[in-house]
Amino acid sequence: MKLGLVIDLDVCVGCHGCAVACKQWNTSGTTGPLTDTDAYGAEPSGVWFNRIRSYEVGDYPHNKTVHFPMSCMHCEDAACVTVCPTGASWKRQEDGIVLVDQDKCMGCNLCSWACPYGARELDPASGTMKKCTLCIDRIYDERLPVEERQPACVLTCPAHARHFGDFDDPESDVSRLTRERSGYALMPEMGYKPTNKYLPPRQKRTVDTSDVARGGVRDKLKAWVNRVVAR
Amino acid sequence: MAGFEKIPDFAKELPQFEPRDKQQTHFTTCYMCACRCGIEVTVEDNKVRFIRGNRNHPVNRGVMCGKGNAGIMKQYSPAKLKGPLRRKPGSERGSGEFEEISWDEALNELTARLQKIRETDPKKLAFFTGRDQMQALTGLWATQFGTINWAAHGGFCSVNMAAAGLYMLGHAFWEFGDPDWDRTKYFMLWGVAEDHASNPIKIGLEKLKRNGGKFVAINPVRTGYQAIADEWVPIRPGTDGMLALSMVHVLLSRELVDFDFLIRYTNAPWLVVNTQGQKGDGLILRDENGKPLAWDLEKEAFVDATQAEIKPATFGEYTAPDGRPVRTVMTVLVEKYLDEQYAPENAAKICGVPAEQIERMALEIAHVAFKETITVDVEWTDWAGRKHDKFIGRPVSMHAMRGISAHSNGFQAARAIHLLQTLLGTIDCPGGFRAKAPYPKHVPPPIKPAREMAPNTPLKSPPLGFPTGPEDLVIDADGNPLRLDKAYSWDAPVAAHGMMHMVITNAVKGDPYPIDTLILFMANMAWNSTMNTKSVQEMLREKGDDGEYKIPYLVVSDAFHSEMVNFADLVLPDTTYLERYDTISLLDRPISEPDAICDSVRIPVLEPDRDVRSWQEVMVDLAGRLKFPAFTGEDGQPKFSGYKEFITQWEKAPGIGFLAGWRGKDGEKSLRGEPNPNQWEKYKENGAFFEYHLPESTRFYKFANKEYLELAKEAGFNGSSEPIIFELYSEALQKFRLAGQGLYDGPMPTREEDKERLTNWFDPLPIFYVPLEEQRIDTDKYTFHAVNQRPMLMYHSWDSQNAWLRQILAQNFLYMNRSRALKMGIEDGAWVWVESHNGKIRVQVKLMEGVQEDTVWTWNAIGKQGGAWGLSADAPEAARGFLMNHLISELLPPKEGSRDITNSDPITGQAAWYDLRVKITPAAPGETGSWPQFDTVKPLPGAKPSPSEVRHQSHEAVNLVRPIDDVLSRGAK
């Protein structure tokens, strides 16, 4: 299996729901807690597996605002795994999820330098590297109802901009959406074959007005005719 | 998609990550903002493991936003109040010196004080509430106390939206209506609207885009929802009314209106008296029974315009039997809007939106309404008993909120938008702007604000209502305001939500009179929930010649250590939303959907670890101690053991109470039925909400749908099942205008400025006018419009500086249009002075493309007073963040010959905090940091310092170990 996410940039409004749901689930999850430092002070900071980058494209008034959620891409050829000196970072053969074994990680940061997506975060309290687990502690949990066996970010997304599934299955939602909406991988030129895909904004809808634009009629009131309509 | 139906074999080897035997799940309702989503909370050893959206809940259908997901950090905020506090005797108010007291002491002290006020002069108690959603209870409490000085924060928030809708359609934006997200094909979002219906709008926008609909965003700023709009219209702030009316002009000039809809469902054919300069001008021609008249084209006679099967003229001028000239509303309307002042070329100059774009948008909505008409093939019966085989839908929808509302022309602007919708026939039809129960109501709802007060006596009607003429004002015989906030006076005759923003100023000035006690619940009026913050803090400290504070006794109930708490004389600590019983009632601000009548509850999921009580409990307790009639039994003892029992037992009318679900002795009745002592248990069993699915035949055209109207009457939503007629032309406004012109049979103002305001702004048809602040200042000096909004991840969640959310945003900037700023020599990151007629602030700038050139803006309420909310003195919120509030006065800039007048919409009293105009100049080299700065708030007694490191987890993590053979093979297959 090749599990991963599809993120629809046509509908993401940047509410941070996915980022905070991830934080919430994972702070008590398999690599928790996700430490926060200076939580009420001058430089609040913490471990997050999913962050929303927002930026603008184009110049006023033809500018666009883009909200771009980023988390681990679960690359097929993950550089973070290749460079790991202790064997803590690994890509699971069964489902392709990239994980960090907290018992083996020594917090050397090599993987974080290798990852071009900024997906890895060092927990200053545990001294270990942490990252998106694709909610491995949810998706296989038989005690959860079927519809909840999904990553927390996908479950929570109010705009349904996030989809989870198996890219090896051509009939899965993620495969179908990628196919139909020209989903693309981020920075494929790096050669790490990211699994997650992004859906570009849809074509803008244009509304034909030729059938209503009975041009230039500026007849004033007197020309208007009463129609007989029963109340 | 769903998750794995069958767990793959390999996954069966995984460890058990979650200690499920120690976990329980509970359903309740979120309160991280005003959206009221259903949540399921997983609790482990009285600690929160996870909060997720309730899949079955009508509001959010399982999803949750950034705020809702951060509930854990609200629950574990170090700023939570721990017990009742009293300002230390001898210490100065606002100095932060408190002593801990018991609940008995606190409530005895408060009861004695309130009892004395109630026995002597009940208006000396002012009770105002902030971001609460329990106005049915707080309003009942004030009514029973006998003070008219009560309101929630609607006047500060978005009363313009509610009032505009209720005076035209009987429903409104805000929480009273929704776009038909499943069917709409064209959606216009006017102004910033991230405040209410947070998740439903996000869910809806995705549906719209998936269905191939078009999304147009009209907003000077492109953030949030506007980011995904198909078309962004960077309009100049405060000019939306003109844009809407210019689109009306285009539609009318091409006859692109739904005449059938207008004739059947609106007052378009009603006849208006046309006797300019005389009494009665502009009023509706009525028969001896007060029924409006129309001209019947077939009978060629005047007929009762409310009758079925008449064939009324839409256009025309006639002579009434008494000889007065009359013409149809539609005639007046068309004449008005065909005027060249509304032509796109002229609107373009005002709005900053190109004329071609205005015309195109108008034609686009006309095309979708009339050429992409949809139908829902369901048989229904109209108000007159006529059967129809389908609902006709015009799939254009709109939404607007604060961005339109918070201007002094916002009431008329919102009416202009509703007029646009109505001309297209898109009201409560498939694909259009649908009403949500208990709306629609009759136009306007038939409740009049209370005026008379007497010691130890409840009010005869609620403090808030809907005036339909000057005789309904809450003024004395000399025309002076009777309410402390001057709502329903000549300052703001239709102030349907009160004017919270004037309370402190008026009380301190003793204008119209001094008060004894001010109770504030969940309202941060010493900081971000007020205009003119610095001077409001000074006013709270102000003393009279007798050494007594101008506001002698200030009681604050809040759950967190806010800036307001710091000014209290008595602090009553509230619970968090996870620790309380609460109702989201149809009597209040309901959570219904267009297809279902809904309400919901909060049920505690955690035991409080502090000496706190919910404000609901405290109010019921106080009501018993003060022996309010509705809360006192025949034996003279308190009638209810507490909030829970009050909710199940109290009836507004026979069979109607706070909760509509599982009524009747055995819980078998919906909407109406005798009290059910087990109602709370039923809600608990059903996921903390009640959903009554409307039969398909009642889902649209509710305003004229017999079956729905009868249901609404039975459920107590409306007093009658008569159809609801949309008032494009508001006779109520015309009555006020006549009073301004000196032509009214009833109360009339005596001051020139009042006459002028009534004459100019109370137009019975929607109009555009330049916002009032702008009319009084030098726009060549104050060249920029300054507006603010809350970030989507914090909107309405401002009662805790959340440890997670503040990592995303802890400092606000002043955002400016890049090329405009660079031309002024202002670079990204520069510090600038921002000056208004009211004062100046120093702030840091960020440049962006997505803001209209004449507009600057910021995220509101990020700036905080150091020490409040558990924040350190050097927190970015305090050191570099800022409030725009300092620049905004609660009063209009002074004008010669005019008294002090509120900086509000002259009709509704809506605080006009988006009218602000400013001047921007670069700060001198070395001038950095935000200004003004405030003293650091002292910690409360017994408060522990905020933790530096937070490592929340509900259980020890179960690590997933990489198998040794995988390590050895380096993952090779």
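1. Setting aside neighbours within four places in sequence, Val248(B) is in contact with Tyr337(B), Tyr342(B), Leu419(B), Leu420(B) and Leu423(B). Bear in mind that this is a predicted model.

2. Val248(B) also belongs to the largest nonpolar core, which has 379 residues. Together with Leu243(B), Met247(B), Leu251(B), Leu271(B) and Ala400(B), Val248(B) is among the residues that touch the most other members. The top contributor to this core is helix H7 of chain B (residues 240–253), which supplies nine residues. At least three residues come from each of two domains of chain B: domain 1 (162–266 + 336–431 + 727–761) and domain 2 (772–922). In soluble globular proteins, nonpolar side chains tend to be buried together.

3. Helix H20 of chain B (residues 731–741) is mostly covered, with nine of its 11 residues buried. The buried set runs through Ala732(B), Leu733(B), Gln734(B), Lys735(B), Phe736(B), Arg737(B), Leu738(B), Ala739(B) and Gly740(B); note that Lys735(B) and Arg737(B) are on that list. Part of the cover over the buried residues of H20(B) comes from helix H21 (752–761) of chain B. After H20(B) comes Gly742(B), with a positive phi near 75 degrees.

4. On the contact between the chains, chain A puts in 94 residues and chain B 113 residues. Helix H11 of chain B (residues 355–371) provides the largest share of the chain B side, eight residues. By type, the chain B residues that touch chain A comprise 54 nonpolar, 29 polar and 30 charged.

Technical notes: Residues are numbered from 1 along each chain as its sequence is written. Chains are lettered from A and ligands numbered from 1 in the order in which they are written. This is a predicted model: local features need pLDDT of at least 70, side-chain atom pairs count only at pLDDT 80 or more; totals for chains, interfaces and linings use all residues. Two residues are in contact if their C-beta atoms, placed from the backbone, lie within 7 Å. Helices (H or I, at least four residues) and strands (E, at least two) are DSSP runs, numbered from the N terminus. Ala, Val, Leu, Ile, Met, Phe, Trp, Tyr, Cys and Pro count as nonpolar, Asp, Glu, Lys and Arg as charged, and the others, Gly among them, as polar. A residue is buried if 20 or more other C-beta atoms lie within 10 Å of its own, exposed if 12 or fewer, and partly exposed in between; C-beta atoms are placed from the backbone. A nonpolar core is a set of buried Ala, Val, Leu, Ile, Met, Phe, Trp, Tyr and Cys residues joined through C-beta atoms within 7 Å. Domain bounds come from an automatic or database domain assignment.
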